[in-house]
Structures are given as C-alpha cells and as structure tokens.
Amino acid sequence: MTTTEEAKKECAICGNISNHMEVISTKALGSSDLDARPPEPERSTIAYWVQRCPSCGYCAPDISKGDTEMSNIIESDIYKQQLSDTRFPELANSFLCWSMIQEEEAQYKIAGWTSVKAAWACDDAHNDDAARKCRERAVMLLDTARKKGQWFAGNAGTEEAVIIDLLRRSGQLDAALRMCNERLEKDPEEFIRDVLVYQKKLIEKADLVRHITAEITSGIG
Ligand SMILES: [Zn+2]
C-alpha cells in the first residue's frame, strides 16, 4: 500500500550527492490521533518525511531544494549541537534541525508542525522526555504562528484543538484546560466541541498518552 523509491539528491547547500528514500504513494486508513498524526500505513512512513545531507548536515523534506543563505544557520553551533543531540532520536534531530531553519526564516507554522513531527519520532522511540521537549517547542512556535496570522490548520477551532493536545501530552494540564474552556465558551462547531469535551475529560484524569479521534464517537474514556 505504501510505495517508496530511492532517489539521488544533490544538496542545495553544499552540492554533495546522496541517496534518499522517498514516498511515492501511501494511504491513511482509519482514525488520526488527536494531534492529527495520520493512521497506518502513512504513519510509518515518517522516516522518509525528512532528509539529511551526510556532508553538511542540511535537513529538509527535500535537500535538493533550499537557499544557500540557509548555510548561516546550518553552520551555527546551535544547529550542529541539535544535529547530534544524543537526548533525541536521530530522526527527531533531523526534524528539529529543519524546524530551526524554518524558525530562522520566520516560517513559524512550518517550524511548529515540524516540531510536532519530531515529537512523533520521539514517541516511536519511546523517549517521553524528548517528546515532551518537542511538544513544548511546537506549542511555542504554533503560538507565535497564530500571533503572526500564520494559520496552521483548516480553521481556528481545529488549530486550537491540536495545541490543546500538545499541551496535554506535554503535561501542561492547567494551560490545556484553560484553553479548552476558553474555546468551549466560544460555542464551536459540533465536531470541535466533541473533541474539546473529550480532551477535557482526558485532562481532568491527567491522561498524557496518545488518543485517537475514533474514541470520541465510540465513547471510550
Ligand atoms: Zn549538504
């Protein structure tokens, strides 16, 4: 159901040629997580969502695309530290490095979403501490994106529902509950309201683990 293909990539920053697997096609069958992570088989293609140049360390969804001005951040100490930070899985470091580049470019929406993907890579590696750090970073970036008018989901309600899940799963329960209540007071559309009511139940139980949208309609929890 998922097809991948090896592709030669010329790094847009240093010109090095390296091979990378790319997803040609995949599907998402079933229910997404409350933070919008897709179900299988798309879920397991995560390792192919970011590439890393083995020569200069440039990380991007496609390393053949990019701006040489990005070399300023790629050559910085803080970027190099992140690239090989042993507290995070290698895949999460690649996402976090692309997130840093996007933050530098003031693309807070992309930077935030890329940090969410880094959290998913940490979840897969069962590294809760690293996942929490990625979610905290994602909340900070997505909050900045909202303030700058860079909407990151289909509408404000969906966007806030994702932020609430990031807050809950990183243990920021007071902030998650406050945001949940604020949004519910705005009389959201039915689906969002159901999500928020469900989130509220999880928050009140101090439940920090992954849940899927199908649980809402099936009444689990
Ligand atoms: Zn390179």
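Colleague: Which residues of α5 are buried?

Modeller: In α5, the buried residues are Ala130, Ala131, Cys134, Arg135, Arg137, Ala138, Val139, Leu141, Leu142 and Ala145, where buried means under 20% relative accessible area, exposed over 50% and partly exposed in between, with a 1.4 Å probe and protein chains only. This is a predicted model, in which local features need pLDDT of at least 70 and side-chain atom pairs pLDDT 80 or more, while totals for chains, interfaces and linings use all residues. Residues are numbered from 1 along each chain as its sequence is written, and side-chain values use heavy atoms, leaving out hydrogens and water.

Colleague: OK, the zinc: what holds the ion?

Modeller: The SG atoms of Cys11, Cys14, Cys53 and Cys56 coordinate the zinc ion at 2.2 to 2.3 Å, donors being N, O and S atoms within 2.8 Å of the metal (3.2 Å for Na, K and Ca). Their spacing along the chain is C-x2-C-x38-C-x2-C.

Colleague: And what geometry does the site have?

Modeller: The site is tetrahedral, with angles of 104 to 113° among the four donor atoms; four donors count as such if all angles lie between 85 and 135 degrees.

Colleague: Switching topic, how do β1 and β2 run?

Modeller: Strand β1 (residues 3–10) and strand β2 (residues 17–25) run antiparallel and are joined by eight bridges; strands are DSSP runs of E with at least two residues, helices H or I with at least four, numbered from the N terminus, and two strands pair if DSSP finds at least two bridges between them.

Note on methods:
Four donors count as tetrahedral if all angles lie between 85 and 135 degrees; four count as square planar and six as octahedral if opposite donors are over 155 degrees apart and all others between 65 and 115; anything else is irregular.
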